[in-house]
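Please keep the sequence and the structure in view while reading.

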Amino acid sequence: MTAQGLYYLIRTLVALVAIPFHEAGHALAAWLLGDDTAKREGRLSLNPLKHFDLLGTLCMVFAGVGWAKPVSTDPRNFKNPKWGMALTALAGPVANLLLAYLAMVAWKLLYYWAPITEGTVLVARFLQYLVYMDVGLAVFNLIPVPPLDGSRILLAVLPQRVYFGVMKYERVILIIVLAAVWGVFWTALSVC
């Protein structure tokens, strides 16, 4: 296998770990806060097939920015809908940062104590990319632009009038963000 092929294989494996961890974080938080919608849909799982979106995963692997199938929530099931949605949104990036930390610790343990073999080099590269992708996912998702997680967090602290005013434009903003991601995807492919 070529070096570039190995690079994309490792990135694919990393995406199949990082993305489900993020989405399962949302599902777990929603369930703990009283909304069992995601659990009933089988989304409280680290199984990549439960969260898989082909185009989103390809974008993540080749362009570094992608998405998964969104976790369904029903705000009516939260005691405080705005804060329930905000905490559920925050759980995805927090899950990614937790996974990045664990991967970094494992990577450093491997670096200092494991013998250097082809296998340990591949595992180290996997852990390195897992740290990068998880931190990238967390930071990107905290941008306060709908439909990203940061918008749910920011909107929880805004007055209700402003909150619902911004939410009216969520679909339009989603299309703009997807167009930008699509442009990054095709630019990355043309560079490869």
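At what angle do the axes of helix α1 and helix α5 cross, and within what distance do they come? The axes of helix α1 (residues 3–32) and helix α5 (residues 81–113) cross at roughly 140° and come within 7 Å. Because angles under 35 degrees count as roughly parallel, over 145 as roughly antiparallel, 65 to 115 as roughly perpendicular and the rest as oblique, α1 is oblique to α5.

This is a predicted model, in which local features need pLDDT of at least 70 and side-chain atom pairs count only at pLDDT 80 or more, while totals for chains, interfaces and linings use all residues. Residues are numbered from 1 along each chain as its sequence is written, and side-chain values use heavy atoms, with hydrogens and water left out. Helices are DSSP runs (H or I, at least four residues), numbered from the N terminus, and their axes are lines fitted to C-alpha atoms over the stretch in contact, with angles that run from 0 to 180 degrees between N-to-C directions.

**Helix packing**

The crossing of α1 and α5 is right-handed; a crossing is called left-handed if the near helix is turned anticlockwise from the far one by less than a right angle, and right-handed if clockwise. On the α1 side, Val17, Ala18, Phe21, His22, Gly25, His26, Ala29 and Ala30 are in contact (heavy atoms within 4.5 Å) with Leu87, Thr88, Ala89, Ala91, Gly92, Pro93, Ala95, Asn96 and Leu99 of α5. The residues of this contact divide into 11 nonpolar, six polar and no charged, where Ala, Val, Leu, Ile, Met, Phe, Trp, Tyr, Cys and Pro count as nonpolar, Asp, Glu, Lys and Arg as charged, and the others, Gly among them, as polar.

Helix α1 also packs against helix α6 (residues 118–141), at an angle of about 50° and with the axes 9 Å apart, which makes α1 oblique to α6. This crossing is right-handed. Among the α1 residues that make the contact are Leu6, Tyr7, Ile10 and Val14, and among those of α6 are Phe126, Tyr129, Leu130 and Met133. By class, the contact of α1 with α6 has 15 nonpolar, two polar and three charged residues.

Helix α5 in turn packs with helix α7 (residues 149–157) at an angle of about 145°, with the axes 8 Å apart, and the crossing of α5 and α7 is left-handed. Lys82, Trp83, Met85, Ala86, Ala89, Leu90 and Pro93 of α5 make this contact with Asp149, Arg152, Ile153, Leu155, Ala156 and Val157 of α7. The residues divide into 10 nonpolar, no polar and three charged.

| Helix pair | Angle | Axis distance |
|---|---|---|
| α1 and α5 | roughly 140° | within 7 Å |
| α1 and α6 | about 50° | 9 Å |
| α5 and α7 | about 145° | 8 Å |

**Aromatic pairs**

Rings of Phe, Tyr and Trp (its six-membered ring) pair if their centres lie within 6.5 Å; planes under 30 degrees apart count as stacked, over 60 as edge-to-face and the rest as tilted. By this rule the count comes to five aromatic pairs. In one of them, the ring centres of Tyr7 and Tyr129 are 5.4 Å apart and the planes stand at 90°, so the pair is edge-to-face. This pair links distant parts of the chain, since Tyr7 lies in α1 and Tyr129 in α6, 122 residues apart. With buried meaning under 20% relative accessible area, exposed over 50% and partly exposed in between (1.4 Å probe, protein chains only), Tyr129 is buried at 17%, whereas Tyr7 is partly exposed at 30%.

The rings of Trp107 and Tyr132 also form an edge-to-face pair, with centres 6.4 Å apart and planes at 85°. Trp107 lies in α5 and Tyr132 in α6, so the pair ties together parts that are 25 residues apart in sequence. Trp107 is buried, with a relative accessibility of 17%, while Tyr132 is partly exposed at 48%. Tyr7, Tyr8, Phe62 and Tyr129 form one aromatic cluster.

**Around Trp31 and Lys39**

Trp31, in helix α1, is partly exposed at 37% relative accessible area. Not counting residues up to four places away in sequence, Trp31 touches Asp36, Lys39 and Leu44. Lys39, in helix α2 (residues 37–40), is partly exposed at 43%, and the C-alpha atoms of Lys39 and Leu28 are 8.0 Å apart.

How values were computed
Helix = DSSP H or I, 4+ residues; strand = E, 2+ residues; numbered from the N terminus.
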